[in-house]
Amino acid sequence: MSDQTALDPKSMIRDFIVSKLLNGRAIADDENLLLSGLIDSLGVFELVAFLEKTFSIAVPLDEVVLENFTSVATIEAYVAAKKA
Amino acid sequence: MIEAQYIDDIAAIWAKRAPDAVAFTFGDATLSYGALDAGADRLAQALWANGVQTGDRVGVFVDKSLDSALAIYGIMRAGAAYVPMDPGAPVERLVQIAQACGIKAMVSQERKQSVFEEVTARVPDLTTVLASDGTPIHAALKPPQPVDLRPRAPDDVAYIIFTSGSTGTPKGITHTHKSGLAYVRMSVALYGLTPDDRLSNHSPLHFDMSTFDMFSGPFAGATTVIISEMHMKLPASLAQLIEQEWMTIWYSVPHALIQLVERGALQNRDFSALRWVVFGGEPMLPGQLRAFGAHTPNARFSNSYGPAEVNQCSFKHLDLADLTEAPISIGTPCDHADLVILDDDTPADEGELYVATPAMMAGYWNDDTRNAAAFRSIGNAPARRYYRTGDLVRRDDGGELHFLGRSDRQVKVRGFRIELDEIELVMARHPDVSEAAAVVSGNPPRIAVYITAPPDIDADSADLRAFAAQNLPPQAVPTILRVLPEFKRTATGKIDRKHLAEASDV
């Protein structure tokens with residue numbers, strides 16, 4: 001865990017999205033990740049699984065909604081609120 | 001039924017009858033029939049002022065929103081054909097489409113500027129990009145020519161939808177106002193649409209099922225609720241929207257519906273307003289339909305069948321209580337359609353399906369070779385053109401048709417048609433690829449691509465993956481991409497694709 005926690009949560013989330021879901025395409029923190037050509041519906045749930053494992057949180061389906069999952073910034077805020 | 005000669009007449013007729021009735025909604029924004037009609041006029045004027053003439057092609061490059069509706073009605077009002085360009089497609093694909101049908105102008109959104117400027121830079125004849133309200137958002141490089149508009153005719157092209165082509169280039173399914181309206185009239189009657197209906201628009205414009213939402217709903221004076229790309233990917237948000245918007249008509253590929261079932265997004269949702277749940281584009285599994293039906297107390301269910309080339313041409317209304325585990329049939333022909341099964345050129349109960357209908361496309365855009373192969377006459381009615389679907393079907397004793405598979409290598413992934421040949425041809429263009437084999441496996445189906453590299457080349461799968469994303473439409477980008485030392489071969493020396501499909505199915 002120590003090498004992972006060396007990165008802040010936002011960077012970890014961004015790294016996962018860029019490397020695993022976007023084929024290396026760079027993104028801004030406030031960029032909408034759910035528009036066409038970016039993350040698809042399967043990718044959303046790969047991301048959910050990553051968040052649950054990495055941050056030891058439970059992400060129920062009714063929280064996988066627009067308010068929480070549109071950008072790196074909203075995802076980070078959601079994770080922070082869950083950890084608090 | 002209203003009397004429309006052109007698809008965009010729908011907006012004009014309802015603007016007179018019920019100007020304040022809502023034609024489209026998106027989020028909190030609404031577009032009345034009056035505003036849709038006035039907006040179509042405004043965009044048409046701007047297109048003419050920028051040199052667009054009757055019979056030209058105009059690209060639509062927008063994220064799903066009210067702009068989608070304004071763009072397509074405005075382009076048709078100008079006497080031009082609209083050509084949907086997938087906002088998620090790579091630039092390479094957009095350029096191919098623009099060049100294939102000689103797009104002269106585009107309707108887009110300012111936030112898409114970085115992408116549409118890459119396209120305009122590479123297509124010299126494409127100089128004008130307008131917002132859906134007619135404002136220029138990309139300066140024309142040459143002054144518009146004076147416009148001398150030729151009058152319109154119902155046989156003019158209304159829209160061209162590009163789909164995967166097995167030769168590696170997309171093919172443009174070309175519909176006229178006449179063929180489009182023939183489908184619209186049939187579908188409005190089949191599902192009994194009324195001004196009280198609220199349609200859920202799942203399909204993006206570049207997917208042919210969108211014409212039901214964009215035209216059939218408005219033809220009936222109903223309201224179409226445009227669902228954002230974001231909602232389509234978040235089952236909980238989508239379920240919430242269906243309930244809040246009090247939708248009465250659901251029309252989508254099975255994938256959209258199955259997602260809600262599988263992710264458990266239906267619990268505690270009130271879907272009692274839904275009166276029709278219609279699905280099509282690929283086979284639906286009975287179990288998942290039953291699970292969905294448990295949450296829709298007032299809905300009837302219907303399976304819709306028909307390739308984009310002919311629009312819907314058969315249907316099967318379903319009673320969930322009678323549903324067994326057997327595959328759902330594609331039903332019986334729609335009133336306006338003539339369906340013939342040929343086995344080796346002879347009418348039969350099992351074989352390849354041919355369709356003749358007034359809702360049939362004019363042809364593939366500018367493609368004599370494909371058109372020669374796509375149409376034929378049958379029997380003693382040489383004037384009647386039948387479209388060869390490539391679908392293998394069986395007719396049972398009750399006259400219902402059952403889908404058996406394809407006569408070629410076309411597959412469906414989330415309702416989108418994908419030619420495995422095209423994926424292989426595109427991948428083979430990469431210098432590190434010696435041979436490529438694309439297969440589909442699993443449920444839901446996923447695409448897997450296997451490649452071998454030329455001797456002494458150490459092919460990098462991350463690089464190949466990026467190449468696929470840059471050159472294929474999003475739905476055709478493989479989920480699995482692996483470099484193999486060599487292919488297993490069949491006795492005749494062909495790549496053993498069956499073996500690859502089984503190996504991918506884990």
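Is D345(B) buried or exposed? D345(B) counts as exposed, because 10 C-beta neighbours lie inside 10 Å.

The model is a predicted one, in which local features need pLDDT of at least 70, side-chain atom pairs count only at pLDDT 80 or more, and totals for chains, interfaces and linings use all residues. Residues are numbered from 1 along each chain as its sequence is written, while chains are lettered from A and ligands numbered from 1 in the order in which they are written.

**Positive phi in two loops of chain B**

D345(B) sits in the loop between β17 (338–343) and β18 (346–347) of chain B. Helices (H or I, at least four residues) and strands (E, at least two) are DSSP runs, numbered from the N terminus. The phi of D345(B) is near 75°, a positive value in a residue other than glycine. R414(B), also not a glycine, has a positive phi of about 50°. The loop that holds R414(B) lies between β24 (410–413) and β25 (416–419) of chain B. R414(B) is buried, with 20 other C-beta atoms within 10 Å.

**Helix α5 of chain A**

Helix α5 of chain A covers residues 72–83, 12 residues in number. From first C-alpha to last, α5(A) reaches 16 Å, close to the 16 Å expected at 1.5 Å a residue; the expected span is 1.5 Å times one less than the number of residues. V72(A), I75(A), Y78(A) and V79(A) of α5(A) are buried. Seen down the helix axis, the buried residues of α5(A) fall within an arc of 130°, so they line one face of the helix. That arc is taken over the directions from the helix axis to the C-beta atoms. On the face of α5(A) turned away from the buried side are the exposed residues A80(A) and A81(A). The cover over the buried residues of α5(A) includes α2 (9–21), α3 (41–55) and α4 (66–69) of chain A.

**Contact between the chains**

The contact takes 16 residues from chain A and 21 residues from chain B, where two residues are in contact if their C-beta atoms, placed from the backbone, lie within 7 Å. On the side of chain B that touches chain A, α8 (229–233), α9 (235–244) and α14 (461–471) of chain B each supply at least two residues. The largest share of that side, four residues, comes from α8(B). By class, the side of chain B that touches chain A has 11 nonpolar, four polar and six charged residues. Here Ala, Val, Leu, Ile, Met, Phe, Trp, Tyr, Cys and Pro count as nonpolar, Asp, Glu, Lys and Arg as charged, and the others, Gly among them, as polar.

L66(A) is placed in helix α4 of chain A. Not counting residues up to four places away in sequence, L66(A) touches M230(B), L234(B) and S237(B). L66(A) counts as partly exposed, with 18 C-beta neighbours inside 10 Å.

Chain B has an open sheet of nine strands with mixed pairing, in the order β2-β1-β11-β10-β12-β13-β14-β15-β16. Its edge strands are β2 (29–32) and β16 of chain B, each pairing on one side only. Two strands pair if DSSP finds at least two bridges between them.

| Strand | Partner strand | Bridges and direction |
|---|---|---|
| β14(B), residues 300–305 | β15(B), residues 314–318 | five bridges, antiparallel |
| β15(B) | β16(B), residues 332–333 | two bridges, antiparallel |
| β1(B), residues 22–26 | β11(B), residues 223–226 | two bridges, parallel |

F301(B) stands opposite L318(B) in β15(B). F315(B) has T332(B) in β16(B) as its bridge partner, and F24(B) has T224(B) in β11(B).

Helix α7 (residues 210–219) of chain B has 10 of its 10 residues buried, so it is largely enclosed by the rest of the structure. Just after α7(B), G221(B) takes a positive phi of about 75°.

The largest nonpolar core has 171 residues; such a core is a set of buried Ala, Val, Leu, Ile, Met, Phe, Trp, Tyr and Cys residues joined through C-beta atoms within 7 Å. The residues with the most contacts inside this core are L47(B), V58(B), V60(B) and I75(B). Leaving aside neighbours within four places in sequence, L47(B) is in contact with V52(B), V58(B), I75(B), A78(B), A80(B), A105(B) and L130(B).

Terms used
Buried ≥ 20, exposed ≤ 12 C-beta atoms within 10 Å, placed from the backbone.
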